[in-house]
Amino acid sequence: NYLLDLLYYGDKMTFVSTCAGVAYGFFVAVYSNGIQKLPYLRRPWEHLLSMGFFGYIGHCCPSWKKSLLDEVNRTRAQQKLPPIDKPEPYNYAFHRQNSSS
């Protein structure tokens with residue numbers, strides 16, 4: 001449980017997501033060369049550009065996640081629902097309103 005908290009909500013989330021983005025960018029470039037039947041490490045600057053692009057996307061993901069959670073909580077407040085403090089990694093705990101029907 002501690003590991004999930006660290007990966008999804010910890011202070012080191014930016015570092016973890018940036019590393020994941022850099023690794024993904026490298027493997028995208030290698031996979032692209034592999035599909036084209038070219039040497040895997042051909043044109044290494046393309047690997048660096050891909051790693052930089054996906055690393056930046058990974059770096060931005062935690063702030064996007066926080067802004068999305070803020071927007072969801074604003075919408076829930078307008079509907080008079082309780083805010084979501086800490087979302088579950090794969091599913092949101094939506095509270096059902098008690099219907100008297």
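Trainee: How much accessible surface does the chain have, and what share belongs to carbon and sulfur atoms?

Mentor: In this predicted model, the accessible surface of the chain comes to about 8,300 Å², and carbon and sulfur atoms hold 63% of that area. Of the 101 residues, 19% count as buried.

Trainee: Which elements does the chain contain, and in what order do they run?

Mentor: There are three helices and zero strands, so the order from the N terminus is α-α-α.

Trainee: What share of the contacts with a separation of 6 or more comes from residues 24 or more positions apart?

Mentor: Such residues account for 47% of those contacts in the chain.

Trainee: How does the span of helix α3 agree with its number of residues?

Mentor: Helix α3 covers residues 44–78, and at 1.5 Å a residue its 35 residues should span 51 Å. The end C-alpha atoms of α3 are 51 Å apart, which agrees.

Trainee: Where does α3 have a kink?

Mentor: A kink of about 35° lies at Cys61, shortly before Pro62. After α3 comes Lys80, with a positive phi near 60°.

Trainee: Which residues of α3 are buried?

Mentor: An α-helix has 3.6 residues a turn, so residues three or four places apart point the same way. In α3 the buried residues include Leu69, Asn73 and Arg76, and also Cys60 and Pro62. Cys61, by contrast, is partly exposed, because its relative accessibility is 34%.

Terms used. Residues numbered from 1 in each chain as written. Predicted model: local features only at pLDDT ≥ 70, side-chain atom pairs only at ≥ 80, totals over all residues. Heavy atoms only, no water. Buried < 20%, exposed > 50% of the residue type's maximum accessible area, 1.4 Å probe, protein only. Helix = DSSP H or I, 4+ residues; strand = E, 2+ residues; numbered from the N terminus. Contact = heavy atoms within 4.5 Å. Areas by Shrake-Rupley, 256 points an atom, 1.4 Å probe, with all protein chains shown as cover. Expected span 1.5 Å × (residues − 1). Bend = angle between axes of the 7 residues up to and from the residue.
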